Amino acid sequence: VVSSPAMNSKRYLVTTVLADRVGIIRDVSGALFALGANLTDVRQAVIGGMFVLNAIAEFEAPRDAGEIRAKVSEALAGASPAAGISVLPCGPAVAQSGARTVDGDRYVASFSGPDRPGRIHAIAEIFARHGANVEDWRHDLSDPARTLTIGVVTLAAGSDPLALQDELRDAFAPLGLATSLLHENIFRATNEVGPIVQLFGGRSNGVSRNA
Amino acid sequence: MLETTDLSATLRMIGEENLDVRTVTLGVNLNGCAREDVSRMVQAVYDRLCHAAERVVPVADAIGARYGVRIVNKRLAVSPASILLEGHAGDRAAAVALCQAMDRACDTVGIDLLGGFSALVHKGMTPGERTLVDSLPEAISTTRHVCSSINIGTTRAGINAGAVAMVAKQILAVAEATREERGFGAAKIVVFANQPEDNPFMAGAKLGAGEPDRVVNIGVSGPGVVKRALDRLFAIRSDRTLDEIAEEVKHTAYRVTRVGELIGHEIAGELGVPFGILDLALAPTPRVGDSVGEIYQAMGIEKLGAPGTTAAVMLLNDAVKKGGAFASSAVGGLSGAFIPVMEDHVIGEACTAGHAHARKARGDDRGLLRGPRHVPGAGRHLLRGHRRHHPRRGRHRRDEPEDNQRPRDSRPRREGGRSRELRRALRRRHRDEPRLPRGRRRLRAPRRPHPRAHPQPVELAHPAKAACRCPHTPE
């Protein structure tokens, strides 16, 4: 059980990590409901057979983090005694749904080629140097000869995507990795159904045909 | 958030399957440049083009890089130049100077090709249009970027046969004037029936009547994408139905079209001009992996020209148009599938091997918006716009089957299975009765094969040996 700062808050991020099985969300949500929590955001992923659950729990009155952790731990104790549980208070700023760390356009970076240790670190290093915030990360090892790494990053307004594109290519081409950095809209355009202008926030280019 | 499979599909389409935006074509209205003085008119045209198109190339390059999609050509389509020549009738030098000014403007702003040195003569010819047509040999042979198009017919008006004769002579003259370039000048001229107003592809691009002052039109291609999609479909399971094939083509056409739509809106927004239309044309190049013929092979037509080829062509064209129509707010131009012999290695090989020939290509063309092109020695009836005349209604047939009179007589046509009226006329003729009026005489004429209706496959140039530089299909 991971310890968390002992403080009172109305809003907590509850993270649970344990071997995947049926009924985990039932157990965790049941424990939080028993404490009077309202779950405002829930995300889950299964990585290497391990179930990772992140949930934002909001309470009407401030609650102690230790109490929450104990209740969740108790709910999981029967079936998953080795569960890792973290309960962290989160302030309203980061709790707002949709809030982004960096304002700017989203890009999808892809890296395809033979896998090797240190690859993700090297990619992340370049992203960080360009102020690119990684919002999503996929690493597909199903084909060892052609491992696919996809990162969804946000580039701050004013930063140069072409410079980042060039640096990624220069860094990874010698390692046999094919890289690309493409604006998110090209992926949304080809995979989502809806007017293209939605990708520009619902605005057309605003130019009248009746000049 | 998008799924990994969706991301991978788009990456594959862009990176491996030759998806590109074939052309970004900026339409520019030049009608305001008309001047009484030729030199002032020419300068006005040059200034207008340079000003209107100065940002086209850098903007297209930047947006192409942002989305990772190659924009192959940046082009201009201007309003028909014959309008500017109306005040200079008979002044062939003025037409040549105008064409050269357009060419200089293309050099200045880095544009690949300019279309619109055009005339619309389907119902008749004005003095300015005649001047333009007369100037073609010199104008086209002394410029590099300018393309010309002449509309000689429409469905409503029919074909202006006089204009056909005149333009045909001029095309020969242009070819002669560019003899050192193997007659390449003639490839920069296209003769249309029913020329679209918003076609972004060369050599037939122009800013037609009813278009805005400036407008961005986009042409996308991607036969490789469709072919690979069908390959994947058949790799999963080989016994696919025609419906499943059509669905896959539609879905792929949707994705390809959306790329063009996105790029078009972005470029139009950056340039501050309205977005016009998107033309989805499966246009092949002689490269392997970029062939429309390979799509038909992927559908199961082992040798092009074999039974089922026409059905495959119809299916592909129908599915492409349906998928494209759903993806774009304004599909226009000439959207469809090209079946050019000299630009597609599979079709070229089929012709060389004798599996397909020009008449077959014409038959395949019946369901297309675009016809067979660049067929050396192909003979008559190559244009889609050439309609067979309806003998009884006194006008041209439109998309009617050629045997539409068959129900009146169950006999095959070769055995006289024509209309009752015609059979009676033939009977009267045999009895030495008075002949039919002059207008009907030709109906009795026996069907003689045209001396060039059956081109010998050996005459066809193999695309690998003679890569076509013709601008009809942008590379």
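In the predicted model, chain B is made up of 14 helices and nine strands. Of its 475 residues, 54% count as buried, and among the contacts within chain B that join residues at least 6 apart in sequence, 75% link residues that are at least 24 apart.

Helix α7 of chain B, residues 223-236, comprises 14 residues and reaches 20 Å from its first C-alpha to its last, close to the 20 Å expected at 1.5 Å a residue. The buried residues of α7(B) include B:Pro223, B:Gly224, B:Val225 and B:Val226, and B:Ala229, B:Leu230 and B:Leu233 are likewise buried. These buried residues of α7(B) pack against α1, α8, β8, α9 (292-299) and α10 of chain B. Helix α10 of chain B, in turn, runs over residues 309-327, and because its 19 residues should span 27 Å at 1.5 Å a residue, the 27 Å that separates its end C-alpha atoms agrees with expectation. Among the buried residues of α10(B) are B:Ala312, B:Val313, B:Leu315, B:Leu316, B:Ala319 and B:Val320, together with B:Thr309, B:Asn317, B:Gly323, B:Gly324 and B:Ala327.

The interface between the two chains was then considered. Contact between the chains involves 34 residues of chain B and 34 residues of chain A, and the area buried between them is about 2,900 Å², of which carbon and sulfur atoms give 67%. The count of salt bridges between chain B and chain A is zero, whereas nine residue pairs are found in polar contact across the interface, with both residues of each pair at pLDDT 80 or more. On the side of chain B that touches chain A, the elements that give two or more residues are α1 (4-15), α3 (56-67), α8 (242-271) and β8 (275-282) of chain B; the largest share of this side, ten residues, comes from α8(B). By class, the side of chain B that touches chain A has 18 nonpolar residues, eight polar residues and eight charged residues.

A:Asn191 lies in helix α6 of chain A, which covers residues 184-191, and the side chain of A:Asn191 makes a polar contact, at 3.0 Å, with the side chain of B:Thr10. When neighbours within four places in sequence are left aside, A:Asn191 is in contact with B:Leu2, B:Asp6, B:Thr10 and B:Arg255.

Key. Residues numbered from 1 in each chain as written. Chains lettered and ligands numbered in written order. Predicted model: local features only at pLDDT ≥ 70, side-chain atom pairs only at ≥ 80, totals over all residues. Heavy atoms only, no water. Contact = heavy atoms within 4.5 Å. Buried area = accessible area lost by both parts, 1.4 Å probe. Salt bridge = Lys/Arg side-chain N within 4 Å of Asp/Glu carboxyl O. Polar contact = N/O pair within 3.5 Å; in protein donor to acceptor, adjacent residues only side chain to side chain. Helix = DSSP H or I, 4+ residues; strand = E, 2+ residues; numbered from the N terminus. Nonpolar A, V, L, I, M, F, W, Y, C, P; charged D, E, K, R; others polar. Expected span 1.5 Å × (residues − 1). Buried < 20%, exposed > 50% of the residue type's maximum accessible area, 1.4 Å probe, protein only.
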